Amino acid sequence: MSIPNTSHSAPSALGVPPRDAAPPHGIERLGAARLATERTLPIDPVLGALLGAEGLVRGQAVACRGPAARSLAIAASASAVALGSWIAVLGVDDLGVEAVADAGLPLERLVRVRPGADGVRAWADLCLAALDGFELLLTCPPGRVPAPLATAIRRRLRSRAGCLLVIGDPRGLEIDVELSSAGPSWHGIGPGTGRLVDRHVEVRASGRRVHRGGVASVSLPGCDGRLRAAEVAVSDPIRTAV
Amino acid sequence: MTVGVRTITIRWSDWPVSALGHPPERPTAVIVANRLIAVSPGAAEFGISVGERRRSALRACPDLLIVDRDPALELAAFEPVLEVLSEYVPGVELVEPGHIRLPARGPSRLFGGERALLDRLAVDLAELRPAGWSPPGVGVADGRALSALATLVSIAAGRPEVVPSEGSPELVSGLPVAWLAEIGEVPVDFVSLLDRLGIRRLGELASLAPSDVVSRFGPVGLHAHRLANGIDERPVNTVVHESTSAVELAVDDPIHDASAVVFAVRERAERLISEVAASGRVCVAVRVAIETEHSERSEHCWYREEGLSAAAVIDRVRWQVDAWTRRPGAVTSGVVLVRLAAEQVRPDEGSQEGLWGGRSERDEAALRAVTRLTSLVEGGAVEVPVWSGGRSPVDRHRWVPADTVDLLDAARVSRDAAPWPGALPAPAPTVVHRDPLEVRLLDISGEPVLVTGRGEMSSPPHELVDRTGSRRIVAWAGPWPLHERWWSPAVRRSARLQVVLDDDSAHLVAVQRRQWSIEATYG
C-alpha cells in the first residue's frame, strides 16, 4: 500500500501557473455553485447600509483603516461567521480574542495562523492556502506585496469566492472597498472615574464598487462589545470632561 | 478495570524539563503558548513558577533557558522508566510522559504491602534520574481520580501519599475544586462556575445535596460531587468498559518516514474513534502498537480521562513513533504494522462533542485548509482558541495548536454566561500584546506611580512614557487588582489600569514587580 500524500505535497510555488484550473477535492465546482446563489456574505446592517445593498461581496477585498481598524474588521466579519462561515486570521498574532467574541463572532470557527518570520512570500502562500478553505480571511501583510503575489491572491480570492479583510495599509494588495474610521472618542471614563464603556467613531466607505460614499456615526465597540448605531452619549466625551 | 480498585499514580511534574538533559541547577523552563508548564529546581530558586509568562520569568532570571514543549523527546527519555515499571506490573497506563498509573493490588501482594512496594519503587525510580531533581509525586488510593488527587498532595508534601480505603473523604475535603480540573476529571469552566458560586473547596461541594447538584450541573456535577465525597466510582450504568474495537494498518512496503506513518494512521484513528462514538461512548484508553519489518515493537497504553479524540490519538502515535526512532538502535527497518485498540471506553457525558456528524461542506473545506496550513507553516503555528477561564481580558482564552483539539467541538470555546468577579468589564481590547511593552507611568510631578499591596495608587497618573516619547493621560480607571492562581503558594500580584491618552488611543496597562507595561490596546 502506498501512502497517500495529497495534503502533504509541497507548497505551490507562486511562479507556476495558478492551481485554480484544477483544484483538489472539487472545491472549485462547489465554490462556483455557491457564487451563483449567494453573491454576498451576511454583514452587520449598519455596515451593510454603508456599503450599499450588496454588503460584503464575495471575491472582494476590503481594507479597514484608521484608529478603529481592527474593531471594524471584526464587526464586518461577525455576522458571516455567526451564520456558518469560517474565518482565518493570518499574521495578526496579537488579536484580542475576547474582543472578537464580544463582537458576536463565534470563536469555534476562528483559526489563527502565525506565519513565522519568513517574509511576504511565505505569508502569500499561507494566504492562498487559507482562501482555499476559509470564506473569510483577516490579515495584515508583513511587508510590501509584490504585484505578482497580489495578483495571485486576487485570482484565488475571486475563484474561491471568499472575502479578504485587510487591517491597515494594504501594502500593494488590490482593494475593492475601503472602510475607514476617524474621530474616535471614548466614553464612560474620566480622570480616575468610571471605566471604558464605548467609543464613538465615524466610519466612511469608499471604493470602486461603492456608489455613494456614505458616512455613519457608530459606537465601535458599543457598551456590549458589538457595533451599534450611535446613540446619545451616555456621558460627556472625555475632551470636555478634562 | 473495575471501579474503585487500588491504584498508584506517579507523576514527575518537572519531567518536561528534566527530559531535556540539562543539569537541575541550570535555570530551565518549558513553555506551551507563552506559559511555563515546567521549571527546573535552578529556575525555581529565582522564584519562577509554573503558569508564569515567558516575559515575566525572563525578568526574574535573564539567563533562563526557555524551550518549547516536545512530547516525543519527553517520551524518549521516559522509556527507561517504563521498562523498569513493566517489571512490576504489565498494565502501566501512560497519561503523558512523566505521568503514569498502575494497579496496586498485584504488585503490593508480591512485595508485601503497599508501603513496601512504594519504598522499592522509590529506590528503583531514583536511580533513573540524576540527583538534584525532585522525587516524583506518588499517590495510592481507591480509583484513578482519587489516586491522581493523592499524587498532587504528594507533590505538594514531598512524600508518597497513601490513602486508606476508608480515609478518602478526609483527603479530599480540604482540596481546592480547581484540582478536579487539574487532573482532567471535570472541565475548567465547571470549576469557574463553582468559583462564582463561592464553592472553592471540595468539602463545600460535598456538603451540597446530591439532587441539587445533579439538577444544576448534570452528570459532570454528579461525578464531581461523588469525588468530593471521596467516592471514586461512577454510577453503575456509566462504568468504564473494556472494549474490543481496534483498527490495523498493515502495509506491504515498509514506511521509513515517521511523519508518513503518522499520516497513514490518520484515517484509521478517525475510523476507530467514530466507531466508538457511534455507540455513544468516549474512548479513554488506547493501546498503540507499532511493528517494523524486523519485528521490533513499540507498544504503549495511553490514557486520557477527558477522552481521546482522533486528533489526540494521532498525536500520541506521533510522539510514540518519534520517541522510538530517536532511541539509538531501537529501529532498524521500516514500519509495517500499526494497531490501535480502544482498550477502555465510557459513555459520553457530553464533555466531548462534535466528533462526528453535523459537518457542513464549509466545515470540511475549512478542516482541509487547516491541514494544509499546518503543513505549510514553518516556525509559526496554526492555532485555535480554547476557553481557559482566566480573569483578565488577556487570558480568558488560550491558543492551542489546531491539530491538538477537535476543531468541530464548539464546546472548547464556550464561555460562562457571567464574567468572573473582579473581571474587567466589556469592552475587551482588540490588541493583546504578546510581549507587553514596558512603559513608565509618571504623576504630575514626574514621580513614578506605584500601586500598594492594598491596590491603591501612590498618586494619579499624568503621563505615559515609552520608547517613542511621552503622552499625556487624559482619563484613567482602576486599578483592578489581580491575584492570579490563587490556589498556588506562589501568588503573583499585579494590578491593571485603563488609560486614555491625548491621541484618543485607549490602553490596558498592568504593573507587576513595580514595572508598568502596556498589556493590551483598544484598537
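Predicted model: local features only at pLDDT ≥ 70, side-chain atom pairs only at ≥ 80, totals over all residues.
1. Residues are numbered from 1 along each chain as its sequence is written, and chains are lettered from A and ligands numbered from 1 in the order in which they are written.

2. Strand S5 of chain A (residues 110-114) and S14(B) run antiparallel and are joined by three bridges. Strands count as paired if DSSP finds at least two bridges between them. Elements are DSSP runs numbered from the N terminus: helices are H or I with at least four residues, strands E with at least two.

3. The contact between the chains takes 62 residues from chain A and 60 residues from chain B, two residues being in contact if their C-beta atoms, placed from the backbone, lie within 7 Å. On the side of chain B that touches chain A, H15(B) gives the largest share, twelve residues. By class, this side of chain B has 37 nonpolar, eleven polar and twelve charged residues. Ala, Val, Leu, Ile, Met, Phe, Trp, Tyr, Cys and Pro count as nonpolar, Asp, Glu, Lys and Arg as charged, and the others, Gly among them, as polar.

4. H12(B) (residues 210-228) deserves a check. Its 19 residues would reach 27 Å as a straight helix at 1.5 Å a residue, yet the end C-alpha atoms are only 11 Å apart; the expected span is 1.5 Å times one less than the number of residues. The helix bends by about 140° at B:Phe217, with B:Pro219 following within four residues. The bend is the angle between axes fitted to the seven residues ending at a position and the seven starting there. Just after H12(B), B:Gly230 has a positive phi of about 80°.

5. H13(B) still bends by about 35° at B:Arg266. Its buried residues include B:Val261, B:Phe263, B:Arg268 and B:Leu272, buried meaning that 20 or more other C-beta atoms, placed from the backbone, lie within 10 Å of the residue's own. The cover over the buried residues of H13(B) includes S10, S11, H14 and S13 of chain B.

6. S13(B) (residues 335-347) is joined antiparallel to S10(B) by six bridges, and antiparallel to S11(B) by eleven bridges.

Note on methods. Buried ≥ 20, exposed ≤ 12 C-beta atoms within 10 Å, placed from the backbone.
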